[in-house]
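This briefing is meant for a reader who is meeting the structure for the first time. Please keep the sequence and the model in view while reading, and locate each residue as it is named.

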Amino acid sequence: MALGAQGFADRRPTGRIDVRHFRRLLTTLGVIQIDSVNVLARAHYLPAFARLGSYSRPAFDDFLWRSREAFEYWGHEASFIPVSSWPLFAHRMVGGWHWQSIERLAAEHPGFVQSVLDEVGARGPLTAGDLDEHEVTKGTWWDWGKAKLALEWLFLTGNVTVAERRNFVRRYDLPDRVLPAAVLSEPGEPEEEARRRLLLMAARSVGVGTAADLADYYRIGYARGRPLVEALAVEGALKRVEVAGWNQPAFAHPDSSLPRRIERCALLSPFDPVVWFRPRAEMLFEFRYRIEIYTPAHKRVHGYYVMPILHGNRLVGRVDLKADRHASELLVRGAYAEPHADRGAVSEAVASELALMADWLELGSVKVEKRGDLAVQLARAL
């Protein structure tokens, strides 16, 4: 049910992938996380590849930034979200944020934030670098200049939005120049009702999960989310279910279905909804997964950019991947199997997936380094 709700019960498209597939993906997931790490590919590209296979990344970017069907905001971290959900995040934009750095900026430079907003209105879309501060203060506020800090605050509060990214740098503009007028004219949902609706959307995307799973999806928080989940179950908007082996109550969306089978191999990024909430990945798959990007190299267990391997309806291993663009190689820095994995079948399936990924990333070959207990078989399969 969890994998089916995430689109893995469907076969990959066999023809040309176009905006219809991107729209369905965004609707199914509800939120696509953004991250700056580019050792393999930007984070938002990888869930799409896992579900759709090879597709045009420029076409996907056009859909996300220029179709007016998605917007960027803090959904599950920085994320792309269907534009129809804009009113559900209005309460966060006026949510009484207390940000010490911006309060200090406002006190020391009265009117500065408004002047940045005026500049965006006059000249946007703009990056922080386009704003000539004349006196850039560094060393505090996460080494952000005053203009960057002001823009991030204006973004958080919904006064500006992201028109596009170039080389992954945000270009900010006024919402009414980026998003459809019909969406912006809708009144924002009251805070509690917005959270209820977000929890229902999360339930549709996770298939079956605990209150913690549902609350994490849109970062509502367990303390706020659990009572709302319980209330939705009492009302019948969610189904209370029991899952063998789980020691917590579980909930399912009434529209969730049980696929007959999952017949897919996919490589899941650290930011894929199937695995981004690590306790859920462990509870669903008995698969302990920790991202090691910020772990010192000598302390890493599996590698820098490690992707769990989905094979059928289980997580059967992991591969540490890197795109060596200079050598035109997709590097497998390490490959590891879970104890229950059929290593022969997994090696063959992952080899096909890696070959497809290398072609998608316009890399000439796949190279497997001799690290991990799956590496030798995977190299042979390739």
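In which loop is the place of Arg219? The model is a predicted one, and in it Arg219 has its place in the loop between helix H11 (211-217) and helix H12 (222-235).

**Loop residues**

- When neighbours within four places in sequence are left aside, the residues in contact with Arg219 are Gly75, His76, Glu77 and Arg92.
- Ser85 lies in the loop between strand S3 (77-82) and helix H5 (90-93), and because its relative accessible area is 4%, which is under 20%, Ser85 counts as buried.
- Not counting residues up to four places away in sequence, Ser85 touches Phe71 and Met201.
- Thr127 is found in the loop between H7 and H8, and its relative accessibility of 13% means that Thr127, too, counts as buried.
- The contacts of Thr127, leaving aside its neighbours within four places in sequence, are with Leu151, Val169, Arg170 and Arg171.

- In helix H2 (residues 19-29), the buried residues are Phe22, Leu25, Leu26 and Leu29; they lie on the same side of H2, because they cover an arc of only 95 degrees around the axis.
- On the other side of H2, the residues Arg20, Arg24 and Thr27 are exposed.
- Gly30 follows H2, and the phi of Gly30 is positive, near 80 degrees.

**Nonpolar cores**

- In soluble globular proteins, nonpolar side chains tend to be buried together.
- The largest nonpolar core of this model holds 111 residues, of which Leu40, Phe60 and Met357 touch the most other members.
- Apart from this core lies another one, made of 15 residues, among them Leu3, Phe8, Phe287 and Leu315.
- Not counting residues up to four places away in sequence, Phe60 touches Phe22, Leu25, Ile32, His44, Tyr45, Ala48 and Tyr55; of these, Phe22 and Leu25 are among the buried residues of H2.

**Helix pairs**

- Helix H3 (residues 45-52) and helix H14 (residues 343-360) have axes that come within 12 Å and cross at roughly 130 degrees, and this angle makes H3 oblique to H14.
- The crossing in which H3 passes H14 is right-handed, and the contact is made by Tyr45, Leu46 and Phe49 on the side of H3 and by Glu353, Leu356, Met357 and Trp360 on the side of H14.
- For helix H7 (residues 112-123) and helix H8 (residues 146-156), the axes come within 9 Å and cross at roughly 80 degrees, so the two helices are roughly perpendicular to each other.
- H7 contributes Phe112, Val113, Val116, Leu117 and Val120 to this contact, while H8 contributes Lys146, Ala147, Ala150, Leu151, Trp153 and Leu154; Leu151 is also one of the residues in contact with Thr127.

Note on methods: Residues are numbered from 1 along each chain as its sequence is written. This is a predicted model: local features need pLDDT of at least 70, side-chain atom pairs count only at pLDDT 80 or more; totals for chains, interfaces and linings use all residues. Side-chain values use heavy atoms; hydrogens and water are left out. Buried means under 20% relative accessible area, exposed over 50%, partly exposed in between (1.4 Å probe, protein chains only). Helices (H or I, at least four residues) and strands (E, at least two) are DSSP runs, numbered from the N terminus. The arc is that of the directions from the helix axis to the C-beta atoms. A nonpolar core is a set of buried Ala, Val, Leu, Ile, Met, Phe, Trp, Tyr and Cys residues joined through side-chain atoms within 4.5 Å. Contact means heavy atoms within 4.5 Å. Axes are lines fitted to C-alpha atoms, for helices over the stretch in contact, and angles run from 0 to 180 degrees between N-to-C directions. Angles under 35 degrees count as roughly parallel, over 145 as roughly antiparallel, 65 to 115 as roughly perpendicular and the rest as oblique. A crossing is left-handed if the near helix is turned anticlockwise from the far one by less than a right angle, and right-handed if clockwise.
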